Amino acid sequence: MHEGRISSQELVTLNVGGKIFTTRFSTIKQFPASRLARMLDGRDQEFKMVGGQIFVDRDGDLFSFILDFLRTHQLLLPTEFSDYLRLQREALFYELRSLVDLLNPYLLQPRPALVEVHFLSRNTQAFFRVFGSCSKTIEMLTGRITVFTEQLSAPTWNGNFFPPQMTLLPLPPQRPSYHDLVFQCGSDSTTDNQTGVRYVSIKPDNRKLANGTNVLGLLIDTLLKEGFHLVSTRTVSSEDKTECYSFERIKSPEVLITNETPKPETIIIPEQSQIKK
């Protein structure tokens, strides 16, 4: 064997949740107390050999961070990474105690949830775009916000003439991505038998508002009731005078739940004969 060439006998291939990883035996065996080390020795029956690969029925995306830790002994995560609890769960599964300990400070550190509301008022229209660092906040707002568009029904003739009726067509806000939503209110000039008036309703408030300032106040009130705090306001663009309202909510630390069930306390009651009268 030429110097510097790796023999196939030195390599192991893992199929973790459908994702393929290849590494050295020595990379895994440097943590001899882990389940991965026992896997190589065939001492853990949960790991199966399939087509020359060891199959592991776990999250393949998170395993890339596990393998990086095995190679470097360092925990380097992307700036936007947020799945600390799930990554620690994987580290516990593989019995990598040192990685579990490295993740503890991340789990104990409260992380703020951020929301930005961009508001533009132009003539009789108002435009809103809401950005959120937490997609669950955007999902919450999407479930509460409904845009109603006025629509005229076509006139009918069945012996008698029935004039067109005004109906409100409900529409959900637009979702350009998981982290933002877009909607508008007010009146504009459209066709197709529509008056062009858009109303916005935000649950649990039942009002249908067309004035942008009123919608903005209701949206801010909704965020405040969800525990957010207004931290700053600014003008994004001096040309169109888009206003930006920034909110922040400090998340509570994640709670780790042990699988161990605490034993009930044993209460010893003295026999009746032993109780002094």
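Modeller: This is a predicted model. Let's begin where helix H3 ends: His 73 follows H3 and has a positive phi, near 60°.

Biologist: How do you know that the span of H3 agrees with its 13 residues?

Modeller: The expected span is 1.5 Å times one less than the number of residues. For the 13 residues of H3 that should give 18 Å, and the end C-alpha atoms are 19 Å apart, which agrees.

Biologist: Which residues of H3 are called buried?

Modeller: Gly 60, Leu 62, Phe 63, Ile 66, Leu 67, Phe 69 and Leu 70 are the buried residues of H3. Seen down the axis of H3, these buried residues fall within an arc of 155°, so they line one face of the helix.

Biologist: What does H3 lie across?

Modeller: H3 (residues 60-72) lies across strands E1 and E2, and runs at about 10° to E2. Those strands belong to an open sheet of four, in the order E2-E1-E4-E3, with mixed pairing.

Biologist: What makes E2 and E3 the edges of that sheet?

Modeller: E2 (19-24) and E3 (48-50) each have a single partner strand, so one side of each is left without a neighbour in the sheet. From one strand to the next, the twist averages 35°.

Biologist: How do you know that E1 and E2 are paired?

Modeller: Two strands pair if there are at least two bridges between them. E1 (residues 11-16) and E2 have six bridges in the antiparallel sense, so they pass. Thr 13 stands opposite Thr 22 in E2.

Biologist: What joins strands E11 and E12, and how do they run?

Modeller: E11 (residues 174-177) and E12 are joined by two bridges and run antiparallel. The cut-off is at least two, so this counts as a pair. Gln 174 has Val 182 in E12 as its bridge partner. E11 and E12 form a hairpin, with two residues between them.

Biologist: How many bridges join E6 to E12?

Modeller: Seven bridges join E6 (residues 125-132) to E12, and these strands run antiparallel. Val 130 has Leu 181 in E12 as its bridge partner.

Biologist: Why is E12 called mostly covered?

Modeller: In E12 (residues 180-187), six of the eight residues are buried.

Biologist: And helix H7: which residue caps its N-terminal end?

Modeller: Asn 211 does: a side-chain oxygen lies 2.9 Å from the backbone nitrogen of Thr 213. H7 (residues 212-225) reaches 20 Å from its first C-alpha to its last, close to the 20 Å expected. Just after H7, Gly 227 takes a positive phi of about 95°.

Note on methods. Residues are numbered from 1 along each chain as its sequence is written. This is a predicted model: local features need pLDDT of at least 70, side-chain atom pairs count only at pLDDT 80 or more; totals for chains, interfaces and linings use all residues. Side-chain values use heavy atoms; hydrogens and water are left out. Axes are lines fitted to C-alpha atoms, for helices over the stretch in contact, and angles run from 0 to 180 degrees between N-to-C directions. Contact means heavy atoms within 4.5 Å. Buried means under 20% relative accessible area, exposed over 50%, partly exposed in between (1.4 Å probe, protein chains only). The arc is that of the directions from the helix axis to the C-beta atoms. A polar contact is a pair of N or O atoms within 3.5 Å; within protein, one must be able to donate a hydrogen and the other to accept it, and residues adjacent in sequence count only if both atoms are side-chain atoms.
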